[in-house]
Structures are given as C-alpha cells and as structure tokens.
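Reader: I am new to this structure and would like to learn how to read it. Please take me through some features one at a time.

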Amino acid sequence: MSTHRRHPDPQPAHLQGSVYEAGLRGEKPSIPYSYEAWEELAHEKLPKTSWGYIHGSAGAGTTDQANKDAFKRWGIIPSRLIPTVRPDLTTAVLGRQLAYPIALAPVGVHSIFHPDKEFAVAKAAEEVGVPYTMSTASSTSIEDAAAANSNGERWYQLYWPQKEHDSITKSILKRARASGFTALVVTLDTYILGWRPCDLDTGYNPFLIADTTGVAIGMSDPVFREQWAADHGGKYPDDESQLKESAPYWDRVVFPGVSHSWEDLKFLKENWDGPIVLKGIQTVRDAKKAVEAGMDGIIISNHGGRQVDGCVPSLDCLAPIVDAVGDKLDVMYDSGVRTGSDVIKALALGAKLVFIGRPYIYGLAIGGQEGVKHVLGAILADLDLTLQLSGISSVKSQDLNRDCIQRIPTA
Ligand SMILES: Cc1cc2nc3c(=O)[nH]c(=O)nc-3n(C[C@H](O)[C@H](O)[C@H](O)COP(=O)(O)O)c2cc1C
Ligand SMILES: O=C(O)C(=O)c1ccccc1
C-alpha cells in the first residue's frame with residue numbers, strides 16, 4: 001500500500017473511510033476539509049435567508065467572533081516520547097458511555113438547509129457514533145427523528161413552553177422519552193430572540209415560522225392539537241392550510257419570555273426520568289444554582305453569539321465554572337468550536353463533552369447526510385492526530401488537563 005500509514009492494524013472507526021484515508025492517499029476529496037471551505041461552500045449553496053440565519057449572529061457579531069478568538073489565546077503544549085499510537089477518545093458523561101468527546105448541538109429548522117433535514121443529521125450522528133441533540137424547533141416530529149437515529153444516542157433539547165402550558169410540556173417530554181431520548185437539554189438563553197440584523201434584513205424570524213418549517217414537534221403533539229381545537233371551537237384539521245394558522249399559536253405557546261424560575265426545574269425533574277442538563281450557563285453563580293436544583297449537567301454556552309452580542313466569550317467562562325462545580329455535575333461546552341485543537345482546548349479547560357454547532361450544519365447544506373458525516377469525521381480525525389502529535393494519550397482528565405495548554409499572551 002502506498003500510504004504513509006503507520007499502523008498495521010485497522011484504524012479506529014472514525015479514521016476509516018474517505019475522510020481520513022483518502023486524505024492520506026492524497027486523493028482530492030469531493031468535500032473539502034477545512035472549516036473555512038465548508039463555510040464558503042455552504043454560502044454558495046444556500047439561499048440568502050438560510051445562509052443569513054446559520055452564519056449570522058447577534059448585533060455586530062462581536063461575541064460570535066470572540067468565541068473563536070478565545071481559542072486562539074490558548075496554546076497546546078506538546079509532550080514528546082509518550083506512547084499515543086491510539087489515543088483513547090472514549091468518555092463517560094451523564095452516566096452514558098460515549099465513543100468520542102463531541103456531540104451535535106441542537107439546531108432548529110434543518111429543512112431550510114437541506115431537503116433531508118433532521119433525518120440526514122440524525123442518521124449521520126448514529127453512523128459516526130456521536131449524540132444527536134434534537135431541537136424543539138425541528139422540522140420533523142420527535143418520533144420521525146428518533147426512527148432515523150435508530151440505535152444512536154439521542155438527547156432532546158427543550159424550549160420550555162410557557163408555564164400555563166405545562167400539559168403540553170408534559171406531553172412533549174413523554175413523547176421524547178418514549179422515543180428513546182435519554183437526556184433532556186433545557187436551553188435557558190433563548191426565550192426571546194437576540195437582535196439579529198442578518199435575519200431582520202432578510203425578513204426571517206425563526207419564532208414566526210409562518211412557512212411552518214420549525215414547528216413539527218408542536219403540530220404533531222396531541223395535547224397541543226386538543227388545546228388548539230378547544231380554543232378555536234372545533235377539531236384540529238389535518239390539512240396544510242391549518243399549519244399556517246396554528247404555527248404562530250405554537251410559537252406563542254413556547255416563546256417569548258421567560259415564565260419559569262429555578263424552582264420550576266422541579267417540574268422537569270418530576271416529568272423526566274433521565275439526566276437533565278441546563279444549556280446556556282455562563283456564570284459560577286448559575287452553575288451553583290444548577291447543582292442546588294439537582295441538575296446532572298450544564299452546557300457552558302452563549303448560543304454561538306446569537307443572543308447577547310458583547311457578552312463574554314463562552315470559553316472564558318469554562319474554567320472558573322469547572323473549578324466551582326466540576327465535581328458535582330458534568331460540565332460541557334459549546335460556542336466557537338471549529339477544529340480538533342479547539343476540542344482539545346475545551347477539554348483541557350475541564351469540559352467533559354464539546355458540542356459542535358454551525359460546522360455540521362454547513363456539512364448538511366453541502367451534502368446532506370454525507371456532508372454531516374464528512375464534517376464530523378474530519379473534526380474527529382483532526383482531534384485524533386492532534387492528540388497523538390501533542391503526546392496526549394487519552395481525553396481523560398489524567399492525560400488531558402490544564403498542564404496540556406498555556407495562555408498565549410495577547411499583543
Ligand atoms: C442556525 C442555528 C439554530 C440554532 N437553534 C438552536 C435551538 O433550536 N436550540 C438550542 O438550544 N440552540 C440552538 N442553537 C445554538 C447551538 O445549539 C449552539 O449553542 C451554537 O451553535 C454553538 O455555537 P457555534 O455555532 O459557534 O459552534 C442554534 C444555532 C444555530 C447556528
Ligand atoms: O436561532 C436560534 O439560535 C435558535 O435557537 C432558535 C430559536 C427559535 C427557533 C429556532 C431556532
């Protein structure tokens with residue numbers, strides 16, 4: 001074989017197949033390998049509205065950029081002569097055994113990026129072996145996405161319906177559990193939309209999804225339908241025109257405004273018999289409240305800079321929170337992760353699991369299920385190689401920790 005592969009035994013799954021091996025053979029890929037190229041290709045492929053929605057962020061994009069810049073302020077310190085032939089990428093989080101320390105962040109309305117929508121993403125996640133987190137704003141029902149994800153690890157992201165709609169929340173949680181979603185991810189930072197000039201300019205409002213793309217979970221919910229019918233004095237009709245009318249009603253059920261307080265997390269605990277994770281935590285104070293509320297995990301996130309422009313980069317929040325509560329619940333991370341090195345840095349700062357956001361959606365836009373697989377495969381191959389080259393033999397904290405990185409002084 002004319003490759004410069006070093007290992008006679010088979011490569012681990014994430015290094016097999018076209019993403020990595022074709023690269024080693026020097027073959028020109030059908031999908032490129034860099035984040036910048038994915039972004040550029042997705043830009044070319046997507047209609048202006050979808051592109052603005054995925055690529056865009058809040059305000060002047062300061063925090064979106066700061067999330068990425070924050071990674072550049074840390075450098076990996078390589079160690080030499082450490083046996084790292086097969087870095088161990090497995091990790092345990094929320095009591096689940098995972099093959100890799102990455103997961104798919106919840107992203108709404110996949111139908112505006114590719115006709116295969118959530119099906120492509122759920123299938124790709126299963127094939128690669130990473131958790132698929134389904135958004136409440138999905139364009140397929142809970143049951144259909146679960147079927148596509150089949151034997152995969154799947155988590156459900158809740159946009160929490162307003163307090164007076166607890167019966168709908170209960171129904172959704174019941175459906176998610178019945179469909180094999182193991183963990184519940186409750187997003188706390190998006191009860192109203194941030195100021196997003198890119199969407200205002202194209203006239204796209206994901207909260208008023210009048211074209212009905214992101215409302216499939218509501219539209220398919222029996223309690224929501226009953227309630228709608230009762231309010232409208234009749235039966236919930238199953239035709240297309242109906243969707244147009246009831247979609248804004250669904251949006252009012254879920255958004256806008258925060259009607260819950262920390263005490264209300266009890267309600268979720270009573271109605272979910274698996275781990276619960278709070279997404280969008282940025283302060284030690286809130287992390288401690290999550291512990292008090294009996295949560296199993298938190299995701300340090302500023303929603304990819306899409307909500308509060310000018311807020312602190314997500315990465316800067318990570319280490320202080322890990323120091324305060326890291327031994328009491330699982331601290332996970334998202335925002336600005338683009339490469340294997342980024343994953344390593346977030347893990348070194350104490351995250352147990354790192355969520356990938358925009359990159360896999362660019363993959364979806366470029367090539368549907370294969371595109372998502374390609375992007376995930378590339379990030380995992382990059383992670384594997386960079387661990388080996390840095391002398392880090394596993395993603396476990398005894399091997400990958402703050403000794404592996406140092407602060408790069410800013411000019
Ligand atoms: C187009 C888009 C839609 C999103 N929809 C959701 C959502 O429905 N629920 C949620 O919790 N987060 C949502 N997010 C936020 C992501 O889960 C994640 O926090 C963010 O993308 C991470 O930042 P990154 O894109 O820079 O990696 C969305 C992000 C994007 C880009
Ligand atoms: O756009 C988002 O970031 C987001 O989280 C969202 C909110 C409402 C509907 C769909 C996605």
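Predicted model: local features only at pLDDT ≥ 70, side-chain atom pairs only at ≥ 80, totals over all residues.

Reader: Where is Tyr53 found?

Author: Tyr53 is part of helix H3, which covers residues 48–55.

Reader: Is Tyr53 buried or exposed?

Author: The general idea is to count C-beta atoms around the residue; 20 or more others within 10 Å make it buried. Tyr53 has 23 C-beta neighbours inside 10 Å, so Tyr53 counts as buried.

Reader: What does UniProt list for "binding site"?

Author: An unreviewed UniProt entry lists Tyr53, Tyr159, Arg196, His303 and Arg306 under that name.

Reader: Where does Arg196 lie, and which residues is Arg196 in contact with?

Author: Arg196 sits in the loop between strand E7 (183–187) and helix H8 (197–202). Apart from its neighbours within four places in sequence, Arg196 is in contact with Gly56, Ala58 and Arg306. Arg306 is also among the positions in the UniProt list.

Reader: How do I read the packing of two helices?

Author: Take the angle between their axes, then the distance. Helix H2 (residues 35–45) and helix H16 (residues 358–390) pack at about 100°, and their axes are 7 Å apart. Angles of 65 to 115 degrees count as roughly perpendicular, and H2 and H16 are therefore roughly perpendicular to each other.

Reader: Which residues of H2 and H16 meet?

Author: From H2 come Tyr35, Trp38, Glu39, Leu41, Ala42 and Lys45; they meet Pro359, Tyr362, Gly363, Ala365, Ile366 and Val375 in H16. By class, the residues of this contact are 9 nonpolar, 1 polar and 2 charged.

Reader: At what angle do H4 and H14 pack?

Author: Helix H4 (residues 62–72) and helix H14 (residues 314–325) pack at an angle of about 60°, with axes 7 Å apart. That angle makes H4 oblique to H14. In this contact Asn67, Ala70 and Phe71 of H4 meet Ser314, Leu315 and Asp316 of H14. The classes here are 3 nonpolar, 2 polar and 1 charged.

Reader: Which residues come nearest to ligand 1?

Author: For a ligand, look at the shell of residues around it. Ligand 1 has 22 residues around it, of which Ala105, Gly108, Ser135, Gly304 and Gly357 come nearest. The shell divides into 7 nonpolar, 11 polar and 4 charged residues.

How values were computed: Residues numbered from 1 in each chain as written. Chains lettered and ligands numbered in written order. Axes fitted to C-alpha atoms, helices over the stretch in contact; angles between N-to-C directions. Helix = DSSP H or I, 4+ residues; strand = E, 2+ residues; numbered from the N terminus. Parallel < 35°, antiparallel > 145°, perpendicular 65-115°, else oblique. Contact = placed C-beta atoms within 7 Å. Nonpolar A, V, L, I, M, F, W, Y, C, P; charged D, E, K, R; others polar. Near = placed C-beta within 6 Å. UniProt positions renumbered as here; feature names shortened; annotations may be inferred. Buried ≥ 20, exposed ≤ 12 C-beta atoms within 10 Å, placed from the backbone.
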